[in-house]
Amino acid sequence: MTAADALDEIERLSPEERDSHYKPGSIKRVKLKNFLTYDAVEFFPGPRLNVVVGPNGTGKSTILCAICLGLGGQPPLLGRADDARLFIKHEKDEATVEIELAPLEGKPVHVFKRVIDRAKGSESGKGAGASAYFINGHKATLKDLKKIVTEVYKISIDNLCTFLPQDKVGNFSGFDKQALLIETEKSLSEHLYNTHMDLIKLEKELGDSGNNADQVQADLDEEMKQNAKLEDELKKLEEREGLIERVELLKMKRTWMIFDAKREETKLLKEMRESLKKQKKEAERGMKPIAEKHAEMEGEVNRIKSRYNTLEKKLKQDRKTFDDCNSKSANYGDAIENAMAEYQNIEAEQRRAERELEKQRARLEDLETEFKEFPDAAELEKEIAVSQRELRDTKKKIDDIKRRMRDLAEDSEVATNRRDNAARELEKVKDEKKIRLNRLFGVAKNLQEAYQFVDQNRKMFRRPVWGPVGAEVQPKSEAAAAFLEQHVSNASWKAFVVECKEDYDLLYREIRQKRKIPINIITVPVGGKLDKVDRPYSKEKFEVLKREHGFEYYLDESFTAPDAIVAALQLRHSTDKVLVGGSNVQKSIDKKDLMEFLTIREPHDSRSGKMTACFCFTSNGTPWKYTLAPSRYSGEIGTDTAQIPPAKLLRPGTDPSVKDELAATITEAEETIARVKPQLEEGREEINELTEHGQGASARFKEAKKAKADQKQFAMKLDNQRDKVGEAEENASRDNVREKGKLIAKIKKLVETNITMSETAAKAHNECLKATRTLIGVKMTEDGLVESLRKLVDALEEKKAESADLANKYKEADQQYNEKKNLLKKLLDEAQRIAPKSDEELHEKLQADDLPTELPVLEEELDEAETKVQGTVDNPHLRKEVETRKAKIEALQAQLDGMVGEKDSALSQLEQKLERWEASLTNIVTKVNSKFSAYMKEVGCAGEVRLYTGDKNVTENDDDN
């Protein structure tokens with residue numbers, strides 16, 4: 001009977017008969033709600049082999065995840081996540097897994113239910129508290145559930161031989177023969193597994209017993225080795241006792257030798273002290289005559305300095321008298337010169353006043369002639385009035401035109417602002433990518449952080465990185481937006497697209513591992529384009545679909561996006577194979593055999609059966625999606641029809657009417673600007689003409705005003721000149737005879753006084769010369785005495801320094817002598833204490849020929865002897881320890897002789913148990929092979945199960961069984 005026949009036979013059975021084919025522990029029903037890709041679904045597996053088939057991303061692995069978690073397994077077993085809350089469908093708060101197992105005969109049915117709540121469990125933990133468990137509708141603990149699953153139904157969900165998740169295939173393939181055998185035993189027979197573990201334990205104990213015998217032999221060898229070392233140490237200890245006695249004799253002799261050496265040093269110090277004392281007294285006697293000579297000469301120098309100071313005061317007084325007379329004489333001379341200059345100025349002033357009068361009269365005549373040439377004042381006033389009137393009229397006209405132009409400019413500015421504001425708003429609503437980004441960030445909070453990292457660190461990547469996909473796609477119509485959202489999964493809209501594995505690893509590491517943010521990444525070929533787009537239909541057939549059935553293009557042609565995004569959607573969702581059409585598609589569905597036509601393979605496609613097909617179209621304004629899939633068994637075409645809701649993510653960012661309104665506002669504003677512009681130009685031309693005319697009137701007005709001001713200013717100048725002529729006439733008629741007489745009398749008196757002061761200054765000058773000569777003689781005498789005194793001071797200081805140096809040396813020698821004398825006394829006391837002179841026998845030993853007679857040689861021998869003594873540790877218990885080790889060596893030898901019989905007994909027990917275990921294992925493997933081979937034959941395959949025993953005759957191919 002083939003597998004298909006067996007399946008048909010089971011399907012014809014009644015529910016009760018069908019249940020009898022389920023073995024206890026088989027899964028009869030799986031019900032999921034809000035679990036990963038499923039909203040709500042219920043599966044009813046058959047009693048035999050169940051195969052789940054479907055494209056990537058349709059939820060095959062999700063069923064396995066649900067079975068694992070529903071039977072008490074934890075997320076790490078699946079290798080996909082470490083938190084159960086990650087299996088809750090996006091934007092849902094709770095997920096449910098319910099599993100029904102076939103019962104044991106005569107036992108109740110068990111239905112296990114696990115509810116995962118997103119709001120429960122620690123935020124930073126692994127969601128341990130997020131799950132609630134139920135058994136047959138009653139709340140239970142995870143421990144209770146796992147106990148029934150493992151102990152009652154013998155299901156080991158954590159055993160890869162029982163349950164092998166997709167992400168754990170690598171772990172399973174890494175099992176060696178021993179690990180695979182142990183995992184198989186766990187799943188087949190607990191007794192067999194326990195027996196195997198006992199055999200391993202016995203083998204280890206047997207090996208340990210052999211190791212114990214080796215250890216006893218090693219201990220025996222070590223004890224014998226250590227005993228030999230102790231006997232060597234005992235010999236060295238006996239040598240040490242002889243060395244100690246010689247060290248004591250050397251120390252005693254060293255004490256007396258040190259005393260003798262220090263006594264000689266003390267005698268030398270005493271002789272040096274007496275010599276320094278004598279030299280010090282002779283130096284003090286030679287210093288006295290020099291000190292007496294120094295005192296005598298110091299008195300003579302002070303007397304000469306006193307006489308010098310008296311002469312210097314008199315010289316200063318004479319110089320002051322001379323300087324005062326000279327200063328007064330110079331002042332009188334200046335006064336005489338000033339009076340003479342004043343007398344000459346009076347005469348020069350008289351002549352200058354007469355010349356100035358003539359000059360001022362001539363200047364007045366010239367000004368009066370020039371004043372007669374100025375225009376009439378009345379004519380100037382008339383010209384000023386006329387030009388002022390023309391300026392006022394022109395200004396009024398210009399102001400009227402400017403007022404009109406200001407109103408026009410305001411209209412133009414308002415229109416410009418309206419146009420610019422509308423243009424900015426229109427630009428905002430046209431930025432569809434930003435709008436879709438904000439929509440994506442609104443539903444996926446962490447997506448914004450991932451996008452910001454990519455946008456700010458693009459230089460880190462080797463190739464361009466695109467995404468999120470939903471922000472990069474620009475549908476060509478609202479219908480295209482709805483088709484795309486229906487066909488492409490929500491996870492793909494949030495995905496990022498990379499072009500190489502290095503960028504994939506970098507993005508995954510930075511976002512998922514470091515920042516703990518979930519992220520979907522799609523890898524496309526380098527360059528962002530697929531090498532070849534494999535359309536499901538030939539060009540000829542597609543032309544027929546367009547012409548006769550209303551199809552227009554493929555789904556990947558309904559939008560614009562970067563090449564990498566297009567390639568990602570082609571790879572992940574086959575957008576290059578989905579047809580898109582209009583309302584005629586519905587007519588073709590109703591009247592023509594469109595479904596059959598779409599599933600017929602092309603002639604070059606050698607695969608058997610019909611192919612799947614998918615298409616979208618709009619009928620009466622409503623978008624639809626059809627999915628055609630032929631049955632694997634019957635070959636009949638199954639149709640999945642879905643009405644497509646309006647797009648949310650990809651819908652246009654703004655109502656089109658808003659865009660039209662903004663465009664109309666821009667057009668209206670530009671028309672206003674175009675209408676106002678020529679009127680402003682006309683007004684500027686009128687202002688320029690009026691300004692030119694006004695400038696002429698302004699020039700005439702300024703010229704007349706200037707002429708009037710010049711005439712007025714000249715009249716003032718003429719009056720001023722008349723005043724100057726009157727003043728000059730007054731100065732020229734003044735009488736200066738009396739003033740000249742007073743100046744002559746003053747000059748005579750100043751000359752007489754100046755002569756007297758000059759005579760007094762000459763007398764004071766003679767006295768200064770006389771005093772200077774005397775002062776120079778006294779100063780030379782003083783300098784000679786000071787130099788002699790300096791030499792005496794140097795000689796005296798030299799004698800004092802010599803005496804002080806000798807005193808210090810004497811004091812230092814005396815101190816050293818006293819210290820040596822005290823040290824010598826201590827050394828004598830120490831020598832008498834260690835080796836007294838009264839002990840004649842001891843001193844005979846110290847004078848023996850075998851002891852050194854020189855202190856350095858003695859010190860060297862003493863150091864060597866002490867080093868040998870210290871190198872040998874004093875151990876009074878050494879002899880007893882040697883005897884104890886000899887007794888221990890005898891005991892270890894006896895223990896080693898008694899361990900041989902125990903090992904033979906344990907080896908016999910191991911061989912008997914191993915023979916029974918191998919027989920049981922071979923029997924159960926034979927049964928499994930028989931059932932497995934029969935079952936594989938039923939499904940049209942071949943296969944067997946063999947036990948690898950490690951025999952040399954087994955070929956290498958047996959490693960795979």
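Where is the place of Asn-620? Select Asn-620 and you will land in the loop between β13 (613-619) and β14 (622-630). Keep in mind throughout that you are looking at a predicted model. Asn-620 has a positive phi of about 55°, although it is not a glycine. Its side is open to view: Asn-620 is exposed, with a relative accessible area of 79%.

Now select Leu-36, in the loop between β1 (27-35) and β2. Leu-36 also is not a glycine, and its phi is positive, about 50°. With 23% relative accessibility, Leu-36 counts as partly exposed.

Next, show Leu-49, Val-51 and Val-53, which make a nonpolar surface patch of about 310 Å². Val-51 sits in the loop between β2 and α3, and it is exposed, at 63% relative accessible area. Stay in the loop between β2 (38-43) and α3 (60-70) to pick Asn-56. Asn-56 is exposed, with a relative accessible area of 75%.

**Two cysteines**

Is Cys-614 buried or exposed? Cys-614 is buried, with a relative accessible area of 13%. Draw a distance from its sulfur to the closest cysteine sulfur, in Cys-616, and you get 5.4 Å, which is too far for a bond. A disulfide needs the two sulfur atoms within 2.5 Å, so Cys-616 is in no disulfide either. Cys-616 is buried, with a relative accessible area of 0%. Searching the whole structure gives 0 disulfides.

**A cis peptide bond**

Select Gly-467 and Pro-468 and look at the peptide bond that runs from the glycine to the proline: it is cis, with omega near 0°. Pro-468 is found in the loop between α11 (445-456) and α12 (469-472).

**A patch of negative charge**

For the last stop, select Glu-356, Asp-723, Glu-727 and Glu-730, which gather on the surface in a patch of negative charge. Which helix gives the most to the negative patch? That is helix α20 (residues 656-732), with 3 residues. Glu-356 lies in helix α8 (residues 288-371), and it is partly exposed, with a relative accessible area of 34%.

Terms used:
Residues numbered from 1 in each chain as written. Predicted model: local features only at pLDDT ≥ 70, side-chain atom pairs only at ≥ 80, totals over all residues. Heavy atoms only, no water. Patch = residues over 30% accessible without salt bridge, like charges linked within 9 Å, V, L, I, M, F, W, Y side chains within 5 Å. Areas by Shrake-Rupley, 256 points an atom, 1.4 Å probe, with all protein chains shown as cover. Salt bridge = Lys/Arg side-chain N within 4 Å of Asp/Glu carboxyl O. Lys, Arg positive; Asp, Glu negative; His and termini not counted. Charge placed at Lys NZ, Arg CZ, Asp CG, Glu CD. Helix = DSSP H or I, 4+ residues; strand = E, 2+ residues; numbered from the N terminus. Buried < 20%, exposed > 50% of the residue type's maximum accessible area, 1.4 Å probe, protein only.
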